[in-house]
Amino acid sequence: MAITYRCLIIDDESPAHKALASHISKFDDLEHSGSAFSGMEAVKMLNENTYDIIFLDINMPVISGVELMELQPKRPLTIVTTAYSDFALSAYQNDAIDYLLKPISFEKFTKAIEKAKIYFSGNIAKKETATNEKVLSHRVNGQMTETPLSDIIYIESLGNYMKLYSTKLKSPIIIYGSLSSISAEIDSSNFIQVHRSFIVNITKITAVTFKSLTMFNGEIIPVGRKYQILLDGLEIR
């Protein structure tokens with residue numbers, strides 16, 4: 001399946017957005033997925049959406065590009081796009097993969113994208129060879145992180161948010177999303193939905209009754225009527 005890289009342009013000047021959007025449109029595997037016209041707007045979008053590459057201006061009001069990089073250390077792959085050469089060291093110290101000076105030619109843009117693709121292909125190879133352990137990727141305080149599925153006890157729905165309970169943490173993680181969307185990401189036979197508000201890891205169940213489950217952390221989880229059939233023949237491990 002072909003990979004498409006979602007791109008976010010962050011710049012306070014409209015001409016820069018138009019130029020970068022034009023360059024992006026020439027690549028079949030790049031998608032212009034968002035435009036932010038200030039650092040503040042960019043932080044909000046990064047907290048609420050997923051991107052693979054950001055094109056980041058340096059000289060912006062309130063939150064500069066360098067400050068944004070410092071605020072979002074686990075942000076998407078970053079290509080700095082600026083009229084100023086003075087901040088190259090700061091950009092690379094904050095893990096920017098390239099530093100392009102305006103006006104940005106298509107040739108320079110292409111070389112930056114080639115660097116990005118090499119980075120992504122290397123990361124995929126690392127993930128494939130390093131471990132076969134399945135993880136759930138999610139955003140916490142604007143930063144992408146991963147929780148091994150084997151550590152998850154259960155997930156509780158809270159409207160547009162969820163509480164994720166892990167064996168490795170004393171307090172639950174609050175993440176954005178719905179149980180229906182996260183079910184597809186988990187995609188494991190060890191997880192079942194037992195209530196409209198709960199998905200549980202069956203390996204973390206310590207006791208079962210007709211109407212409830214006792215989990216590894218001692219919490220009692222209700223079992224919805226239409227889900228009770230799923231517990232038939234369930235063996236506690």
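Contact here means heavy atoms within 4.5 Å. With that in hand, take Phe-109. Leaving aside its neighbours within four places in sequence, Phe-109 is in contact with Leu-20, His-23, Ile-24, Phe-27, Leu-30, Phe-55, Leu-100 and Ile-104. Phe-109 lies in helix α5 (residues 106–130). Its relative accessibility is 0%, so Phe-109 counts as buried; buried means under 20% relative accessible area, exposed over 50% and partly exposed in between, with a 1.4 Å probe and protein chains only. The C-alpha atoms of Phe-109 and Thr-81 are 9.7 Å apart, and the two residues are separated by 28 residues along the chain.

This is a predicted model, in which local features need pLDDT of at least 70 and side-chain atom pairs count only at pLDDT 80 or more, while totals for chains, interfaces and linings use all residues. Residues are numbered from 1 along each chain as its sequence is written, and side-chain values use heavy atoms, with hydrogens and water left out.

Now the whole chain. It holds six helices and 15 strands. Helices (H or I, at least four residues) and strands (E, at least two) are DSSP runs, numbered from the N terminus. Of the 237 residues in the chain, 43% are buried. Among contacts with a separation of 6 or more, 48% link residues 24 or more positions apart. The accessible surface is about 13300 Å², and carbon and sulfur atoms account for 53% of it. Accessible areas come from the Shrake-Rupley method with a 1.4 Å probe; for residues, only the protein chains shown count as cover.

β1 runs parallel to strand β2 (residues 30–36), and six bridges join them. Two strands pair if DSSP finds at least two bridges between them. Arg-6 stands opposite Glu-31 in β2.

Helix α1 (residues 14–25) comes next. It has 12 residues and reaches 16 Å from its first C-alpha to its last, close to the 16 Å expected at 1.5 Å a residue. That expected span is 1.5 Å times one less than the number of residues. The buried residues of α1 are Ala-16, His-17, Leu-20, His-23 and Ile-24. They cover an arc of only 130 degrees around the axis, which puts them on the same side of α1. The arc is that of the directions from the helix axis to the C-beta atoms. An α-helix has 3.6 residues a turn, so residues three or four places apart point the same way. The face of α1 turned away from the buried side carries the exposed residues Pro-15, Lys-18 and Ser-25.

Helix α2 also has a buried face. Its buried residues are Gly-39, Ala-42, Val-43, Met-45 and Leu-46. Seen down the axis of α2, they fall within an arc of 170 degrees, so they line one face of the helix.

Next, the cores. A nonpolar core is a set of buried Ala, Val, Leu, Ile, Met, Phe, Trp, Tyr and Cys residues joined through side-chain atoms within 4.5 Å. The largest has 20 residues, of which Leu-8, Ile-10, Leu-68, Met-69 and Val-80 touch the most other members. Four residues come from α2, the largest share. Apart from this core lies another, of 19 residues, among them Phe-27, Phe-55, Ile-97 and Ile-113. Leu-68 is in contact with Gly-39, Ala-42, Val-43, Leu-46, Leu-56 and Ile-63, leaving aside its neighbours within four places in sequence.

Some backbone details deserve a look. Val-62, in the loop between β3 and α3, has a positive phi of about 70 degrees although it is not a glycine. Val-62 counts as exposed, at 70% relative accessibility. Asp-95 sits in the loop between α4 (88–93) and β5. Asp-95 has a positive phi of about 70 degrees too, and is not a glycine. Its relative accessible area is 61%, so Asp-95 is exposed. The peptide bond from Lys-102 to Pro-103 is cis, with omega near -5 degrees. Pro-103 lies in the loop between β5 (98–101) and α5.

Finish with a hairpin. Three residues join β13 to β14 in it. Strand β13 (residues 205–208) and strand β14 (residues 212–215) pair in the antiparallel sense over three bridges. Ala-207 stands opposite Thr-214 in β14.
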